[in-house]
Amino acid sequence: MKRLPVNFLIGTAFVGLVVGVAALSLIWTPHDHTLLNIRSKFAPASPEHWLGTDQLGRDVFSQLMTAARNSVVVALTAVFIGGGIGVSLGLLAAAIGGLVEDFVMRLADISFAFPTLLFAIMLAAVFGPSLTVAVVAIAFINIPVFARVARASANQIWTREYVYAARAAGMGRFAITRDHVLPNIAAPVIVQATIEFAIAILAEAALSYLGLGAQPPAPSWGRMLSEAQTLMYLAPQLAIYPGLCIVLAVLGFSLLGDGLRDITDPRLARER
Amino acid sequence: MIGAYNLTVAFGAAQALRDVSFEVHPGDRIGVVGESGCGKTMLGLAMIGMTPDAAKVSGSLLLNGTEMVGASENSWQDQRARRVAMVFQEPMAALNPIKRIGDSVMEPLMVHFGLSRKQARKRALALFEEVAIPDPEARLKQFPHEVSGGQRQRVLIALALSCDPELLIADEPTTALDANVALRITDLLARLARDRTMALLFISHDLAAVARATQDMLVIYGGDIVERGSTADVLSQPKHPYTQGLLAARPSPWNVREIGGRRKRLPTIPGSVPSLANLPTGCRFAGRCPFEISRCAAQKPVEREGTICHLPEAER
Amino acid sequence: MTLLTVENVTRRYRMPRQALLTPPTVLTAVDAATFTLERGETLGLVGESGSGKSTLARMVMAFEKPDEGRVLFEGEDLAILPAADLRALRPHFQLVFQDPYGSLNPRRTVGWSIAEPLRATDQDDRALVAQALEQVGLRSADASKYPHEFSGGQRQRVAIARAIVTRPSLLVADEAVSALDMSVQAQILNLLMDLQEELGLAILFISHDLSVVGSICDSILIMEYGRTVEYGSTNQIMNAPKQAYTRSLITAAGLI
């Protein structure tokens, strides 16, 4: 335990907190987050309402918990889908090489060219704003990132001697990718994934802030922020709480990714 | 005069070097021979004060009368380059790839001796000529990756010589080089030692290079000096069982097919070198020695006639 | 039928352009290399870095195709063989690398790596793996260990076990002992000689070290900058070298 870097430990703690709270919200929140109680709007923090209530009397803490669930689900789903597609493309490019590699990487570059927000707006215009739109948009921008990381790492593995040995043994490219390349690129891909989680959470918050993501009554940190904007002088805490949550989640994943990178890289060098 | 007396380098309970003693005088060319893990690199590092932080150095190391065991980094920095200099195995790794060769060589000269850029350049060119780098002026402007491995090694040797050291330690200087180039670098080092009356410690597992460049040699196994003597004597009439085994294991191009078409096998030393933690406490070679007797594993043999062994030669 | 015939094999690489309008330079890595290897024979391919010996080895192993000339293994031209036929032929010619640390997948057990050539042809016989381990001087119980649990010399034995598990007729050893200590080198060379006799292996032994090559090869081919400098029996090359370059290699190996 002593040898684990500090950033990894703090990151894991924060992420654990966020994910734990999100999971918990599925079975319990202090109050029903949709329960309106206009008479006790803008209530200050109390044993009844731990962080007080918002402009419609809804319990802020419960809203934050449920919003956590949305952020985590969107981030995980988007990164897994985008990562799954991206890594597959990267592995394919590295395994086949030549024109196929160029073509695949240019496809990835095209994805890169679309700014997330514009793409989300486009999707929202066609399909109507929703969580799904947010997921698809974020997944889309993850594809090129993972494709690049996977391809670069995979290309390195293809030059390793044990891969030549596998080729000499007669193994086909698919078998080699599955048996040799994939396990050996897991580390950089996982590190990239945790960093992408951080970005995805921020992206989801931004999209919801603009009204393009989670629609009411589904709560979202981003939308809580945008609603709180007009109330800044009345009840600034309504903007601070969701903001802090976003910071906690993004920082947590970033530190976790950082720590993972520290753990995997020097170990690799020491192994040899 | 530089002398090591009962020098020991330990990592916890494991000893990379044990009670190593020898003296180096100006103009001596001494080879240090052994396989990987025997401690020869650690010996070189100990003599320039660059052992890893985790290593504990004990015993005595005298550089012209100054005791260096336990010396501070500052005292070592005074001695390095001027008393002792070192050339390492990987010439590419030792030169900053984004700096021109000229800058890499001139800057230490300007810093250590306060030379102006012009003076440093003159000195650098003189050094390059001494190490036989062709077209030295052009080299100054080039980057490390633009020149061959052999040339880079010459540049590093020039750098090591820049402060006129009394002892030059060369740690596997030829391993990363082609055979022909290695030969020339080996000859260069020997010539420099003779011309400058500088001591040369030639650490290598390449017996052919050691044979060419040195007058005396030490054989190291498991952190002990198991044999020492003139290079000619040790290579032709080795006294220690390990040295004998090592020399016998050299592949011979004149392997003749015996009757029945069977090729002669090379004599080998059974087993493999144990890790530092698993070395026997007495004679390090116990467990692999064909002449082993009961006290070998537990009792360290005493040095006699240039070798350490419980059994005198006559009895083997 | 001659086991391996290399006929006028040439391989060129195009270097990146220096400037937009200058034509790219062409590097001839291997220039019209020609030799034959019969069953049970050993041929040493000797050269320094840049000599082209590794490129030639890659073409013999059909990792690359020659630009000119042919590589015939058991009569088949490897460059024009359809992929499926080439895969079926691979168990007959196998490879051992220089780096005992890099040639084994660190995340897989040694037994898994040794069985890889078998898996490629849909066999997976633990008995064959065990037998291969014993033949190289290790124990069959070692199959469940990981590469980092072995020393460099032992890892090289594992690599050799992998190379012989399919009973090939040709073994290509690319600097197979160069990264090993002298005493371990001798053990591995002895092992190769033993295996050659037991299995009737032909060995193409690539090395920069003439003394190593001279101790186990019947004939030697010396390369410099892609060209064949000299080619003949070990006896002739070592005792009566014709070319100055050959003599310089002999001197550099400390053999004069």
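The contact between chains C and B draws on 28 residues of chain C and 26 residues of chain B, with two residues taken to be in contact if their C-beta atoms, placed from the backbone, lie within 7 Å. On the chain C side, the elements that supply two or more residues are α6 (182-199), α7 (210-216), α8 (234-239) and α9 (244-252). The largest share comes from α6(C), with 9 residues. Sorted by class, this side of chain C holds 12 nonpolar, 13 polar and 3 charged residues; here Ala, Val, Leu, Ile, Met, Phe, Trp, Tyr, Cys and Pro count as nonpolar, Asp, Glu, Lys and Arg as charged, and the others, Gly among them, as polar.

This is a predicted model, where local features need pLDDT of at least 70, side-chain atom pairs count only at pLDDT 80 or more, and totals for chains, interfaces and linings use all residues. Residues are numbered from 1 along each chain as its sequence is written, while chains are lettered from A and ligands numbered from 1 in the order in which they are written.

Back to how the chains meet. Of the 2 pairs of chains that touch, B and C have the most contacts. Chains A and B, on the other hand, don't touch, and their nearest C-alpha atoms sit 15 Å apart.

As for chain A, it has 9 helices and 0 strands, where helices (H or I, at least four residues) and strands (E, at least two) are DSSP runs, numbered from the N terminus. Its C-alpha atoms fill a box of roughly 75 × 50 × 30 Å, taken along the principal axes. Of the 272 residues in chain A, 48% are buried.  A residue counts as buried if 20 or more other C-beta atoms, placed from the backbone, lie within 10 Å of its own, as exposed if 12 or fewer do, and as partly exposed in between.
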